[in-house]
Amino acid sequence: MSVHKLEAPTHAPLAPLCKPGTRDTLLDRLCEVAHAVPDAVAVHTEDGAVTFDELLHRTYASARKIAQLAGDDPRPIAVEAASTSESIATMLAVMASGHALVPLDSNLPANRADRIVESAAALRLDQADLANTQDSAMPLPTLTGSRTALIAYTSGSTGAAKGVLLSHRMCLTKAYEVSSALGLSSRDRVGNALPVSFGAGLNTLFAGILSGATVYCTDPRTVLPTTLTEWIERSSLTTLHCSPSLVRSFRAGAEEIPSDAIVPVPDNAVPSLRVVTTYGEALHSRDVIGFRSALGSGATFVNWYATTEAGGVAYGEYRSDRPLPSGFLTATTLPKGKIVDVVDQAGTLAPAGVAGEIRVSAECLSDGYLGLPDLTESHFASDGPLMRYATGDLGRFDELGQLHLLGRADDAVKIRGYLVEPAEVEAAIRGVDGVRDVAIVARSIDGEPHLDAFFVSDTRDSAYVRAGIQDQLPTWMVPRNITRTLTIERNERGKVDRQRLPEQVADVASATASDAPRGATEMWIANIVHDALRDEVDGIDDIGSHTDFTAMGATSLALTQISVGVARAFHIVLSAEELVGAMSVRRLASIVDTKLASIDDSSARSRAESIAVPLRTTGSLTPLFIVAGGGVPAVGLAALARRLDPDRPVYVIQAKGMDTRALPDRTIRAAARTYVREITRIQPSGPYLLAGHSLGGWIALEMAHQLRAGGRSVARLTLLDPRLYRHLLDRLPGGSALEAAPAGVGAASSPKITVATRVGIAARVVTAGIARYSTTERWLAFAAIGSLALRFHRPKAWNGPVSVIVTAENTDDRRSWAAIATGELSITHVDGRHVDMVREPVAEDVARILDHELRRATEGIIH
């Protein structure tokens, strides 16, 4: 007799994504995948993970709501395209409803997004519209492969963006080309580091989920390369899809390595990563070498040459054991079913070595341009059963049949992976009041293309023109240099004589005394901008408060670093539109101060005089009280609190007087007394769980002593990188012979303060907590108060359980910490700087360690 286990229902194995036929649609394939692997994770984004079954149900539930909202209106539907599971489901729902999707990049200026919606004659919906609509049983239309699924907007040569019409079959074809070339399957974890509003980002998403793979999505414009490294390793990605500029950001010291060498990977730190795929622009061999060296990855590189209209045209595959060609990588392989030719002006085939226009023939291509029949006719033609598309790109085949790209046949240029028509930029500048003439020219510095603009005006300067177009154009289309000139010379045919335009160099001169940043916020932001630009722009010294970031040579990566730096320093979120509209230190500081003042007002009203800020009040576990560092508001520890066990209440203790008018405590012991009164009001009896970051660690240590003196127990004290300074060790028995924290390390993390500002801070220290100053000045004043208090503090050793978590900017010598913690002691090292400990991504590691220590400390405690 045999006994069989009862198991979950079995599903038919998932067939590979195949070349689509005329009736195949994206939604048909999504249903097929969801039925085969319903419980597998389809999409993993910053707002969580979604299984294929959940994604399918969300898609069709939203599709019926959209059908109800649209009624008989057949217009395309425009929705915001963001790297979240909610946004992805909404985009799929638009297609499932039978409408054409118009994805709107969340970083687009509002005016440009409005123009796209108007051009597409689209109905615009947002998440609120769907949330406010009841679930519906509205029947959905039967779709075929020829139905328009997507209208993808690209820069247009007429001065306006143009919409490329893509059918369900074409979207499937593009996904199939990537999936079959890379061998994607349900075993893959696809890293999509491309905006899903970008054609390649959306295609990567489709290629992944329609192959049954899990797609991890992140927007590269909102994170730093170091964070991306953590994301790649943490997610165990098997494929990474990104722009060459993102690969370039990993490069470190690769220029000294011959590009035609086989460079051994120093340490394959990410063994799961088998393929890195790039799109949008040419990939240089130096960038590949730099990526492999920096990340320690032996991944194969695949560089795609693709267009929105034709999908993949050609790609090159470079394994780590294959020598890289000098310069830009060539495309050697054509997608299945594609014919690629190079033709001369007469349309005849060009021989090997001769340049011409690249032409693509295939069964399925784009259906042309929305509302532009003449442009469609000039680029698309029938050839029997095939369709032909003239790309407008120049190229040549060499004797080995490898395709070399040579630029554009027209004036278009690829900037940061986006195809930009200078005519569209010219049209925007001509629209600025007072501008009489304009010329746009594409140039490059160290292989990085950019635009320079020249204009004629009697009344407007460069700053005015730049400000006038920044709400009209996305950042990659704003010229690096905008120069006013007396005249723009033209030839006898009336065309701009580009040879007579002056050579332009970005103005990175040091700030004059009158233009120097003033106040704590401006100086803090100037330091953030300096750190973001110093590796990209030569000659950066002091940064003026009015100097435009783009004029200094800020790339999209630098702007991302500025945005992330501001978010980390001031604990606020900047929208892309806010950053684009505030491209100087002074304008950005004004936005930061306004946001902080608004937060201050609301927090003061909501928290009254409480200094224990509840970041989570629910949960059955013992509460954790974390003491913030000197001058750090409670929100500064929000990232850490979010990562901690959701069943544990978390309170952050911030300095008295930070949010409301109150005399601050000016010694460590006085602060500890205040904090003990506060936490015993929340939790009257022990055992207590205490933690402290930086200066807060020393206050938490003193709190433990005072709680014990009052007859209350402390289950565990956790010290989050409090600097073990020399003067503190010297005040402990035998401490003078022990190793202290390195002197001067980490100083660069703080804003550089001028003498005048130091005098101002000293004055504010005296009246801190009573007089109200700007938020950043108040933070610095309270940081100075904490620093003075620690200078005169004499710590006492603690014999209870202690966990110490340190960075490389502190000492991890066990003998040194044992002078402070004479009982049970654990010391754990985490990567990152001192200031990064409570920020992502380091906060995730700290939370994991902290949760483990807290669980050990509270086993058996019942609440």
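How many aromatic pairs does the count come to?

## Aromatic pairs

The count comes to 5 aromatic pairs, where rings of Phe, Tyr and Trp (its six-membered ring) pair if their centres lie within 6.5 Å, and planes under 30 degrees apart count as stacked, over 60 as edge-to-face and the rest as tilted. This is a predicted model, in which local features need pLDDT of at least 70 and side-chain atom pairs count only at pLDDT 80 or more, while totals for chains, interfaces and linings use all residues. Residues are numbered from 1 along each chain as its sequence is written, and side-chain values use heavy atoms, with hydrogens and water left out.

## F291 and F301

One of the pairs is edge-to-face and joins F291 to F301, at 5.4 Å centre to centre with 85 degrees between the planes. Because F291 lies in helix α10 (residues 285-295) and F301 in strand β12 (residues 300-307), the pair ties together parts that are 10 residues apart in sequence. F291 is buried, at 0% relative accessible area, and F301 is buried as well, at 1%; buried means under 20% relative accessible area, exposed over 50% and partly exposed in between (1.4 Å probe, protein chains only).

The rings of F380 and Y389 form a tilted pair, with centres 4.9 Å apart and planes at 35 degrees. F380 is buried at a relative accessible area of 9%, and Y389 is buried at 3%.

## Charges over rings

The charged end of R460 sits over the ring of Y464, 4.0 Å from its centre, and R708 lies over the face of W798, 3.9 Å from the ring centre. The criterion is that NZ of Lys or CZ of Arg is within 6 Å of the ring centre and within 35 degrees of the ring normal.

Key. Helix = DSSP H or I, 4+ residues; strand = E, 2+ residues; numbered from the N terminus.
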